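Colleague: I'd like to learn how to read strand pairing, ring contacts and cavities in a model. Can we go through them one at a time?

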Amino acid sequence: MSSPLDLSIPELVERVRGGQLSAEEVTRASLARIEATRALGAFLHVGGARALEAARGIDQRRARGEALGPLAGVPIAIKDALCTKDAPTSAGSRILTRNPDAPIEEAGVWQPPYDATVIERLRRADAVLVGKANMDEFAMGSSNENSAFFPARNPWDPTRIPGGSSGGSAVAVASGAALGSLGSDTGGSIRQPAGLCGVVGVKPTYGRVSRYGLLAFASSLDQVGPMARDVRGAARLLEVIAGPDELDSTCARVPVGSYERACERGVRGLRLGVPRQYFEAGLDPELERATRSAIQTLAGLGCELSEVDMPHTKYGVSTYYLVATAEASSNLSRFDGVRFGLRRDGERADIHAMYRATRGRGFGTEVKRRIMLGTYALSAGYYDAYYAKAQRVRTLIARDFARAFEKVDLLAAPIMPTPAFRLGERLADPLAMYLADIYTLPASLAGVPGLNVPLGTTEATPDRPALPIGLQLLASHHAEETLFAAAAAWEAARPLRVLRPPETH
Amino acid sequence: MALSQKDVLHIAELADLALSPDEIERLTRDLAAVLQHVAQLEELDTSGVELTMHIGSSQMPLRADQLRPGLSQDAALAGAPRVGPGAFAVPKFVDEG
């Protein structure tokens, strides 16, 4: 074993608890890997001294004979949409900086006065927070190209996107800089980058994880979730961060499952549905073959297969981009130059001129586009035609899932119609970018949990190296244990044992 | 759905966003393309279908009504771009004349 960063989360924790490894040496290895992979743009802020201080504290407590938490010494990257009281938080936006023209190190990024609940829970579990991960501005994007600072790059091919919006969180784990990370998923922002970078990513049930301290994008959709290199690592992270929170009234009062133990369950007798509409026109044939073959493997392990109909799948993109933008236009009104970040004086000395100047300078193109679309969908005369209509269609999409889960325990589908595309390729066409979210949006609209487990890679060709392919598993509300059981079974049976980008192992 | 630059300017006003002429042109084009796509929802009959505004429990949990420490005034003001004594400083927005 060349580096502690090659261990799984449970293996590493066992060694730190047992004293074979110190949290400090693990943290040093992580910080060194972050430095060595800086060109991938995974981090907006690196914890450095604070991370080492936390690690030494963990080692001292161990030396005193204290019991360590379930994430003892595990280096974790945090999506920059989550508030951290000891590290700046930008959400990938210039509007949370004092100086929007400066490089991020000198931009005066907003410093939150408190930790998000999930951050507090990670710290209590003795995780080491090594840095804040790059992201699309306010989580709006599918490629990480909408970061106001710099794009993150796919470690399998740095000319390609890592996916988004939690792109930095996926790159940090795929490149081995961190053993786990947190992202947020509003329409696929954990599952899709996990799929494109070849790591495990979990979008829990809506309400499973507290959002206190998450910078809100679309409040009826946002959910925080973990990424890790393997299924058990993600399961342990979710067990730590999940559960009711007095500071978030939308957080479900449902007991947290035994996700890590569920990984040992196997899939014998599980009813696995294959949603017909997720395999229609537009899906890359190589991805379709790989996905179907993985489904056959799961059948061989004891799953009962059946095809299911989800007739409203094709309306997911339209529904999502009306609902999410409407909610965003309201949530982002808090960025107004008064309480945090940027302030620009307007041409006139009145408050609206100040708002306009501040927001005009502080928000990037995609954020403006979505605020505009959402404002329009909510505006007088259009509310019923757009916003209310979309919320009704959302009900039909949720019913598709409810009906499917009367017949099956879980669904298996692709994550995205194609593997990672090149940076810049789709920037000129926002609608084309939105349409690629077709396989992840419906589950978000229905609030059901979903997960990406790496499936394998595409065949390398002269103009394209091997790229990760993800398998998306979906289950009914609060059935995360079923997802972990199936994902772990697949992981154990996966023909490609080691799934690491070329230069990191 | 035809969308004019005038419509875009009106929405920008509602959204409190200053836009450059380039942005106005680009957004007019982009929003028109998206609105044209979302018009597909019209083909669905949704009469009698309820809105899904929220997923999950309908009952709002209540916590005990007890005093607990909140954010201090200093902490709340620490991130603000401009502050006065114990307050956020903003341009005048009430005409007292």
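This is a predicted model: local features need pLDDT of at least 70, side-chain atom pairs count only at pLDDT 80 or more; totals for chains, interfaces and linings use all residues.

Colleague: Which residue stands opposite Gln223(A) in β6(A)?

Modeller: That's Asp185(A). Strand β4 of chain A, residues 180–185, is joined to β6(A) by 6 bridges, and the two run antiparallel.

Colleague: How many bridges join strand β5 of chain A to β6(A)?

Modeller: There are 2, and these strands are antiparallel as well. β5 covers residues 200–203, and one residue to look up is Gly201(A), whose bridge partner in β6(A) is Met227(A).

Colleague: Which way do the side chains of a strand point?

Modeller: In a regular strand they alternate between the two faces of the sheet. Here, Gln223(A), Gly225(A) and Met227(A) point one way from β6(A), while Val224(A), Pro226(A) and Ala228(A) point the other way.

Colleague: Are the residues of β6(A) buried or exposed?

Modeller: Buried means under 20% relative accessible area. By that cut-off, 6 of the 6 residues in β6 (223–228) of chain A are buried, so both sets of side chains are covered.

Colleague: On to rings. How many aromatic pairs are there over all chains?

Modeller: Rings count as a pair if their centres lie within 6.5 Å, and planes over 60 degrees apart make it edge-to-face. The count over all chains is 14 aromatic pairs. Take Trp110(A) and Phe340(A): their centres are 5.4 Å apart with 70° between the planes, which makes the pair edge-to-face.

Colleague: What does that pair tie together?

Modeller: Trp110(A) is in the loop between β2 (75–79) and α4 (117–124) of chain A, and Phe340(A) is in the loop between α10 (316–331) and α11 (351–362), so the contact joins parts 230 residues apart in sequence. Trp110(A) is buried at 11% relative accessible area, and Phe340(A) is buried at 17%.

Modeller: Next, look at Phe138(A) and Phe363(A), an edge-to-face pair with 6.0 Å centre to centre and 70° between the planes. Phe138(A) sits in the loop between β3 (128–133) and α5 (167–174) of chain A, and Phe363(A) in the loop between α11 and α12 (365–378), 225 residues apart. Phe138(A) is buried, at 3% relative accessibility, and Phe363(A) is buried at 3% too.

Colleague: Which residues do ring pairs link into a cluster?

Modeller: Trp110(A), Phe138(A), Phe335(A), Phe340(A) and Phe363(A).

Colleague: Last topic, cavities. How many of 30 Å³ or more does the structure hold?

Modeller: A cavity is space where a 1.4 Å probe fits but cannot get out. The structure holds 3 of 30 Å³ or more. The largest has about 100 Å³ of space and is lined by 16 residues, with Gly141(A), Ser142(A), Ser189(A), Tyr320(A) and Asp437(A) nearest its centre. That lining divides into 5 nonpolar, 9 polar and 2 charged residues.

Colleague: And what lines the second largest cavity?

Modeller: This cavity holds about 80 Å³, and its lining has 8 nonpolar, 4 polar and no charged residues. Among them are Leu196(A), Leu287(A) and Ile469(A). α6 (191–197), α9 (285–300) and β11 (468–475) of chain A each supply at least two lining residues, and β11(A) gives the most, with 3.

Technical notes: Residues are numbered from 1 along each chain as its sequence is written. Chains are lettered from A and ligands numbered from 1 in the order in which they are written. Side-chain values use heavy atoms; hydrogens and water are left out. Rings of Phe, Tyr and Trp (its six-membered ring) pair if their centres lie within 6.5 Å; planes under 30 degrees apart count as stacked, over 60 as edge-to-face and the rest as tilted. Helices (H or I, at least four residues) and strands (E, at least two) are DSSP runs, numbered from the N terminus. Buried means under 20% relative accessible area, exposed over 50%, partly exposed in between (1.4 Å probe, protein chains only). On a 1 Å grid over the protein atoms alone, a cavity is a set of points where a 1.4 Å probe fits but cannot get out, and a pocket is an open set with protein on both sides within 12 Å along at least five of seven lines; lining residues have an atom within 4 Å of a point. Grid points are joined across faces, edges and corners, and a volume is the space filled by probe spheres set on the points. Ala, Val, Leu, Ile, Met, Phe, Trp, Tyr, Cys and Pro count as nonpolar, Asp, Glu, Lys and Arg as charged, and the others, Gly among them, as polar. Two strands pair if DSSP finds at least two bridges between them.
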